[in-house]
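Subject: Structure handover

Hello,

Please find the structure below. My notes on it follow.

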Amino acid sequence: MTSTSKTSPGASRNRADGRKQLLVYLEPEVIKELKKTAVDMETTASALTEQALQAWLRKAKTAKPGQKS
């Protein structure tokens, strides 16, 4: 039986940790390096991305207006 739902696949899946999905487009080489680094550090690409974004957001909040982060 085919579903006629207009939601995207996986949209109804809820993670136990409450995280939400975000789609971003990156250069293939960046993705390759991210995945390799995640394996080397025994973590996930998602965890590394979240840590990097959190650090950048903290820095961006403390930057003066007009100052590049």
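The protein chain exposes about 7,000 Å², and carbon and sulfur atoms supply 56% of that area. Accessible areas come from the Shrake-Rupley method with a 1.4 Å probe, and for residues only the protein chains shown count as cover. This is a predicted model, in which local features need pLDDT of at least 70 and side-chain atom pairs count only at pLDDT 80 or more, while totals for chains, interfaces and linings use all residues. Residues are numbered from 1 along each chain as its sequence is written, and side-chain values use heavy atoms, with hydrogens and water left out.

Overall make-up

The protein chain contains two helices and zero strands. Both terms refer to DSSP runs numbered from the N terminus: helices are H or I with at least four residues, and strands are E with at least two. Of the 69 residues in the protein chain, 3% are buried. Buried means under 20% relative accessible area, exposed means over 50%, and partly exposed is in between (1.4 Å probe, protein chains only).

How the two helices meet

Helices α1 and α2 pack with their axes 8 Å apart and at an angle of about 105°. The axes are lines fitted to C-alpha atoms, for helices over the stretch in contact, and angles run from 0 to 180 degrees between N-to-C directions. The two helices, α1 and α2, are therefore roughly perpendicular to each other. For that wording, 65 to 115 degrees counts as roughly perpendicular, under 35 as roughly parallel, over 145 as roughly antiparallel, and the rest as oblique.

Which residues of α1 and α2 make the contact? On the α1 side they are Leu34, Thr37 and Ala38, and on the α2 side Ala45, Leu48 and Thr49. Contact here means heavy atoms within 4.5 Å. By class, the contact of α1 with α2 has four nonpolar residues, two polar ones and no charged ones. Ala, Val, Leu, Ile, Met, Phe, Trp, Tyr, Cys and Pro count as nonpolar, Asp, Glu, Lys and Arg as charged, and the others, Gly among them, as polar.

Leu48 is in helix α2 and counts as buried, at 13% relative accessibility. Not counting residues up to four places away in sequence, Leu48 touches Leu34, Thr37, Ala38, Met41 and Thr43. Leu34 lies in helix α1. With residues up to four places away in sequence again left out, Leu34 touches Ala45, Leu48 and Thr49. The C-alpha atoms of Leu48 and Leu34 are separated by 7.8 Å, and the two residues are 14 residues apart along the chain. For Leu34 and Ser46, twelve residues apart along the chain, the C-alpha separation is 9.2 Å.

Salt bridges

A salt bridge is a side-chain nitrogen of Lys or Arg within 4 Å of a carboxyl oxygen of Asp or Glu. How many salt bridges does this rule give? The count comes to four.

One of them joins the side chains of Arg15 and Asp17, at 2.7 Å from N to O. Arg15 is exposed, at 53% relative accessibility, and Asp17 is partly exposed, at 40%.

Another joins Glu50 and Arg19, at 2.9 Å from N to O. This pair links distant parts of the chain, 31 residues apart: Glu50 is in helix α2 (residues 45–62), and Arg19 is in the segment before α1 (28–40). Glu50 is partly exposed at 29% relative accessibility, and so is Arg19 at 44%.

Asp40 also forms a salt bridge with Lys36, and their closest N and O atoms are 3.0 Å apart. Asp40 and Lys36 are separated by about one helical turn, because they are four residues apart in helix α1. Asp40 is exposed, with a relative accessible area of 53%, whereas Lys36 is partly exposed at 47%. Through salt bridges that share partners, Arg15, Asp17, Arg19 and Glu50 are joined into one network.

A backbone angle to look at

Most residues other than glycine have a negative phi. Glu42 is not a glycine, yet has a positive phi of about 55°. Where is Glu42? Glu42 lies in the loop between α1 and α2, and is exposed at 75% relative accessibility.

Regards
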